[in-house]
Amino acid sequence: MSSIENRPAGSVAEPQGFLPKPCTAAWAALIGLALFTYRLGAYGSGRLLMGAALCLTLLKGQLVVDYFMGLRSVRPFWRIAMAAYLIVVGGVIAVAYLSA
Amino acid sequence: MKYSSQKVAMPYFIAALALFFGQIVFGLIAGLQYLDGTFLFPDLPFNVTRMSHTNLLIVWLLMAFMGAAYYIVPEEAQTELYSPKLALVTFWVFLAAAALTLAGYLFVPYSQLAAMTGDAILPTMGRGYLEQPLPTKIGIVLVALSLLFNVTMTLIKGRKTSLNLILIGSLWGLALLFLPAFYFPDDTVKASYGWWWIVHGWVEGDWELILGALLGFILIKMTGVDREIVEKWLYIIIAMTLMTGIIGIGHHYYYIGAPAYWIWLGSIFSALEPIPFLLLVAFAFKMLLQRRREHPNKAAMLWALATPIVAFLGAGLWGFMITLAPVQYYTHGTNFTAAHGHLAFFGAYAMVSLSIISYAMPLLRGREANSPSAQRWEMTGFWIMVFSMIVITLALTGAGIVTAFLQRSGDNPLGFMQVQDKERVFFWIREFAGLGFFSGLLVYLGSFFISGEYDYASEAKQALSA
Amino acid sequence: MQQVFTKSMARNIFLGGAAFFLIIYLVLTYDSWQQIPKRDHADQMTPAVIAGKYLVDTHDCIGCHTINGEGSYYAPELGNVYKRRGGAFIEAWIRAQPTGVAGRRQMPQFNFTQSQLDDIVAYLKWLSNIDTNNWPPNIQG
Amino acid sequence: MKTASSAQPLPGDFAIWVFIFAELLVFGVLFSAYALSRMSNAGLFDASQATLNRSYGLVNTLTLVTSSYFVARATRAIRHGRSAACGRWLGGALALGALFLAVKLLEFHDDFSRGITLSTNLFYMFYLSLTFFHFMHVVLGMVILGFVAYRTYAGAYDANRYTGVETGASYWHMVDLVWIILFALIYVLH
């Protein structure tokens with residue numbers, strides 16, 4: 001395995017000040033969204049509620065892709081491919097639920 | 001050819017071609033019996049014709065695979081075969097067992113054959129492709145063990161290339177997957193569930209690994225492409241094969257009494273099974289484009305490049321057409337399946353066997369390539385056989401579709417024989433295409449009797465003057 | 001620079017992927033094994049059914065017929081033949097073979113005894129009650 | 001700086017990404033199959049879904065998201081050359097992975113003691129096979145992470161060599177991503 005010395009230093013610089021690291025913020029958001037989605041599911045049914053739950057799920061997915069997988073800092077192609085994946089899967093689910 | 005012990009491959013290849021010839025003859029008879037039900041009855045009932053046709057197929061493919069193994073393993077391991085003598089003894093044992101079994105099929109009623117060979121002690125007979133009497137089945141295991149012992153010992157003392165590991169590993173898989181042939185429970189559903197371990201495990205799993213290894217070997221030798229690249233591709237292809245194919249076995253479980261979840265799991269995973277075949281096509285052509293030499297054996301190159309394409313058509317495309325559960329609901333147990341079986345077996349396994357024979361036989365006969373006229377004959381045979389097989393496939397597909405519409409659907413479905421009568425035109429086309437295939441086979445076999453070798457000097461002169 | 005797609009990586013994917021799916025298959029097969037006896041009413045496999053099955057196997061019936069779609073496509077489906085034709089017809093049919101009608105597909109005469117015929121019918125009856133996810137689509141098989 | 005960073009290749013060995021995309025494809029097909037077969041069985045799906053204990057799903061979501069976060073921190077640590085910290089984060093992630101498996105096994109145990117099998121109905125067929133398929137991915141992911149953690153403790157990675165960590169991490173995030181969708185689909189949406 002060869003070394004990776006030519007990664008730009010900027011993308012890995014230690015954070016300054018009191019702001020949380022981006023991945024920590026993403027984690028906090030994910031936890032909050034998961035709890036919220038759970039509440040939505042327990043709250044009841046209805047298209048609006050379920051639509052919201054699905055959208056939040058896709059948003060959570062994109063957070064994982066961007067901040068955990070770190071695709072925010074690679075060629076945009078991959079990030080777009082992942083977003084497209086989430087939209088397609090989410091779209092199929094939405095269509096199936098709407099026509100149920 | 002680098003090692004004298006590779007010569008033991010030659011009898012295997014010759015026997016394979018002879019058995020191939022026999023397979024086609026029985027195929028022609030079976031096709032005729034579809035049209036004239038009294039043809040050769042009662043001397044040769046259809047089921048005997050069929051089992052001879054399918055068993056010869058399996059035996060000649062195994063012969064070719066074994067020959068290929070005896071040829072490839074020493075060359076890859078860069079050492080002589082552990083025991084050429086054992087390989088030769090094994091050959092004669094295998095051939096004799098095959099001949100005896102065939103004679104048993106032809107001259108003894110099947111139930112009597114079962115009684116004579118101790119089927120009552122351990123019932124194994126009466127399943128598709130596994131019609132062999134118990135002693136033959138045990139013989140197959142012994143032959144396989146002998147092969148495995150021989151090639152594994154060769155591997156141990158020689159160079160351990162990835163290609164050799166894949167080839168020998170898949171030969172072990174072939175032998176292990178045959179063992180369920182001895183498991184034939186009374187419960188018919190369990191029996192057919194387990195029957196697929198062998199049939200699916202071979203043709204949609206393990207044999208694809210062998211196919212990959214043989215093709216990889218031929219391409220390394222003929223294109224001079226770096227071994228690392230070829231082997232890396234091989235691993236990716238066979239990984240895809242098993243990752244789709246293992247759960248893909250579910251497409252055989254939809255309607256035989258297995259639980260309903262196989263309908264979903266089988267549909268999803270088997271729908272992905274064409275991927276490795278597609279990769280195989282990409283692989284072969286990528287290697288061709290990156291070739292570092294022009295090999296004089298054009299015929300072998302033609303076989304090697306056509307194998308993945310026809311395999312993709314037969315196994316990938318035709319398999320995909322009938323793999324999804326809602327489609328298979330209507331095509332299951334029709335000639336559509338037979339169409340897929342014919343093109344897949346021919347495209348993948350018959351053609352890869354003929355590829356390695358085409359590559360290795362000239363070398364075994366002491367020349368790098370056959371004379372251009374011999375190669376022209378071989379390639380003519382190639383085109384006639386491939387074209388004929390595609391026509392056979394289309395004809396059987398037509399017959400299968402007719403069954404699906406007239407017998408399987410509609411408010412007033414027709415009975416089996418009524419529908420068969422309406423399919424006669426397709427069975428005629430199939431029979432004529434079969435005759436075409438047979439003539440192609442004769443041309444192909446004829447090419448072996450055209451003497452002379454590839455003469456670089458005269459070929460170069462011709463090319464310059466042209 | 002990153003190392004793209006090494007051979008050993010490809011090999012690990014092959015080995016890991018194969019083992020992974022094999023385990024999944026084994027788990028599913030374990031479950032299938034629990035379900036199959038319920039779906040095919042294994043408790044109704046009387047000695048006659050088992051004897052009939054052995055006769056069907058050793059006479060290579062699937063060399064011409066299909067059973068639940070498996071076998072060959074030369075003669076009609078046997079999985080639901082009991083429901084299509086009934087026991088008496090099946091016995092009479094087997095006894096009457098071969099028909100000898102010119103050009104028509106022929107079935108051999110197997111010279112079964114009456115008790116053997118009863119066993120075969122018992123097996124075909126058992127077959128016709130297997131839960132095959134509603135296959136075949138209609139009685140014609 | 002921004003332009004330079006956006007030209008970076010995918011983190012880790014490219015082979016794992018081929019694998020990840022293939023896996024996502026399969027899960028995508030499975031999710032779609034679930035949703036599409038619910039179309040004609042909405043009542044059955046909703047009634048069966050209501051029998052699931054949603055709390056198991058929530059706990060496992062929180063566990064896996066946090067585990068994924070730990071792995072992200074581990075990747076970050078090794079990029080700065082702090083291999084000891086990297087090892088600790090990986091150890092934490094593995095522990096959470098084990099917790100996920102334990103909770104999931106508890107839930108499977110509940111299901112089985114209720115007499116639920118793959119053949120109970122279409123919903124449970126999907127529920128069990130999807131979650132079991134994912135379960136196997138967690139196991140595989142833990143094997144990969146365990147190997148990476150072992151290599152980390154052995155000192156195989158530093159600020160200049162960390163492709164291995166990124167490779168294992170990417171796979172683990174995929175497992176997390178799939179679960180997030182799976183959780184919503186199986187436990188929440190109705």
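Two residues are in contact here if their C-beta atoms, placed from the backbone, lie within 7 Å. The contact takes 58 residues from chain C and 61 residues from chain B. On the side of chain C that touches chain B, the elements that give two or more residues are helix H1 (7-39), helix H2 (47-58), strand E1 (66-67) and strand E2 (70-71) of chain C. The largest share of that side, 15 residues, comes from H1(C). Helices (H or I, at least four residues) and strands (E, at least two) are DSSP runs, numbered from the N terminus. By class, the side of chain C that touches chain B divides into 28 nonpolar, 18 polar and twelve charged residues. In this division Ala, Val, Leu, Ile, Met, Phe, Trp, Tyr, Cys and Pro count as nonpolar, Asp, Glu, Lys and Arg as charged, and the others, Gly among them, as polar.

The structure is a predicted model, in which local features need pLDDT of at least 70 and side-chain atom pairs count only at pLDDT 80 or more, while totals for chains, interfaces and linings use all residues. Residues are numbered from 1 along each chain as its sequence is written, and chains are lettered from A and ligands numbered from 1 in the order in which they are written.

Other pairs of chains can be set beside this one. Six residues of chain B are in contact with seven residues of chain D. The side of chain B that touches chain D consists of six nonpolar residues, with no polar and no charged ones. Chain A and chain B are joined by no contact, and their closest C-alpha atoms lie 16 Å apart.

| Property | Chain B | Chain C |
|---|---|---|
| Helices and strands | chain B: 17 helices, zero strands | chain C: five helices, two strands |
| Span of C-alpha trace along principal axes | chain B: about 70 × 55 × 45 Å | chain C: about 80 × 40 × 30 Å |
| Buried residues | chain B: 60% of 466 residues | chain C: 44% of 141 residues |

A residue is buried if 20 or more other C-beta atoms lie within 10 Å of its own, exposed if 12 or fewer, and partly exposed in between, with C-beta atoms placed from the backbone.

Chain B has 17 helices and zero strands. Its radius of gyration is 22 Å, close to the 23 Å that the globule rule gives for 466 residues, so chain B is as compact as a globular protein of that length. The radius of gyration is taken over C-alpha atoms, and the globule rule is 2.2 Å times the number of residues to the power 0.38. Among contacts in chain B between residues at least 6 apart in sequence, 80% join residues at least 24 apart.

The domain assignment divides chain B into domain 1 (1-184) and domain 2 (224-450); such bounds come from an automatic or database domain assignment. The C-alpha centres of these two domains of chain B are 20 Å apart. Their contact takes 23 residues from domain 1 of chain B and 24 residues from domain 2 of chain B. On the side of domain 1 that touches domain 2, helix H1 (9-35), helix H2 (46-77) and helix H6 (162-178) of chain B are the elements that give two or more residues. H1(B) gives the most to that side, with 13 residues. By class, that side of domain 1 of chain B has 19 nonpolar, three polar and one charged residues.

Of its 32 residues, 30 are buried, so H2(B) is largely enclosed by the rest of the structure. The expected span of a helix is 1.5 Å times one less than its number of residues; H2(B) should therefore span 46 Å, and its end C-alpha atoms are 46 Å apart, which agrees. B:Gln78, with a positive phi near 55°, follows H2(B).

Chain C follows the pattern α-α-β-β-α-α-α along its sequence. The radius of gyration of chain C is 22 Å, well over the 14 Å that the globule rule gives for 141 residues, so chain C is more spread out than a compact globule. The domain assignment of chain C gives domain 1 (1-39) and domain 2 (43-141), with C-alpha centres 38 Å apart.
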